[in-house]
Amino acid sequence: MEASSKPLPPPASIDNASLQLLQVHVLFRHGDRSPLPRHDANAATIQLWESRLQEIPSGFPRREYHFQQHPFGQITKKGARQSIEFGEWLRKLYVDSGWLSLKDPSSCIQARSTNFCRAHLTGWFVLEGLLGSSAAAATVPIYIREESDENLLHNNERCPRLAKLWKDAWNNMMDPVPLPDRTWKETRWITEFKELKGKLSRHVGVDLNSATQLSWLLAFDTIRCGWFHGDSLPEGVTGEQLNQVQSILAQVYTNTFYLVLAFNGLNGHLTCLL
């Protein structure tokens, strides 16, 4: 939800009176969240993130979500503010400019979310910003498919072959080597951050000798989420380093899409579905 990622508004030279808005698709991720679950999180960490979570609004239609260990992986107060501000920006762009009428929001707006509470709440708060109130947001249903039918993210539930393709592609990118003592020797891009990995892991108390190959990335996620809330970074760690790791992780995930296509015998380019 960074400002730089928002679409540009229509040119001021366009005569609104001569045109009609037919359809707009707005695709966005959830707002700021607490760190991903870690089984070794201490009581102080749990209490800290509980204090930062956004309360569930009155009238919000809760349901059974994909399990997330409380208080991890949940939308924060900061994330709720981001979402409302994004909705207000959409209102300014489409409603205040005269492109869209909100006399009957449910007849002209459709909302869709994945089955994560943080995503569902983000959609609610975006609607609150767009429509002007929590009561108005409640008038627009947010549709959520069952996990077995989800198509907003890769879905392995009903396709064992896709699950294997993802596993093979991810392992190809990460390329971990199992050792006899059940630890992992990590190679490729991870070796570039060997020193940083140790600093991050020690800061949150992750034992690298017994941790799985991705435990240090959970440590990274915990520290980066805290950094967004003003928490100090470990000694010798900079925000630039955290951003660099995040950028590479995003690239690894994107490359995994290409490998899934390659392993499946498909030729083509990764296409953003908007």
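Author: A quick word on labels: helices here are DSSP runs of at least four residues, numbered from the N terminus. Keep in mind that this is a predicted model.

Let's start ahead of the packing.

You'll find it in the segment before helix H1, which spans 43-52. Its relative accessibility is 16%, and buried means under 20%, so arginine 33 counts as buried. The arginine 33 side chain makes a polar contact with the side chain of aspartate 221, at 2.9 Å. Leaving out residues up to four places away in sequence, arginine 33 also touches Trp49, Gly73, Gln74, Ile75, Thr76, Arg118 and Cys225.

Now for the helix pair itself. Helix H2 covers residues 77-95 and helix H4 covers residues 117-131; their axes come within 6 Å and cross at roughly 40 degrees. An angle of 65 to 115 would count as roughly perpendicular and one under 35 as roughly parallel, so H2 and H4 are oblique to each other. The crossing of H2 and H4 is right-handed.

Who meets whom? On the H2 side it's Ala80, Ser83, Ile84, Phe86, Gly87, Glu88, Leu90, Arg91 and Val95, and on the H4 side Thr122, Phe125, Val126, Glu128, Gly129, Leu130 and Leu131. Sorted by type, the residues of this H2 and H4 contact come out as nine nonpolar, four polar and three charged.

Note on methods
Residues numbered from 1 in each chain as written. Predicted model: local features only at pLDDT ≥ 70, side-chain atom pairs only at ≥ 80, totals over all residues. Heavy atoms only, no water. Helix = DSSP H or I, 4+ residues; strand = E, 2+ residues; numbered from the N terminus. Buried < 20%, exposed > 50% of the residue type's maximum accessible area, 1.4 Å probe, protein only. Polar contact = N/O pair within 3.5 Å; in protein donor to acceptor, adjacent residues only side chain to side chain. Contact = heavy atoms within 4.5 Å. Axes fitted to C-alpha atoms, helices over the stretch in contact; angles between N-to-C directions. Parallel < 35°, antiparallel > 145°, perpendicular 65-115°, else oblique. Left-handed = near helix turned anticlockwise from the far one by under 90°. Nonpolar A, V, L, I, M, F, W, Y, C, P; charged D, E, K, R; others polar.
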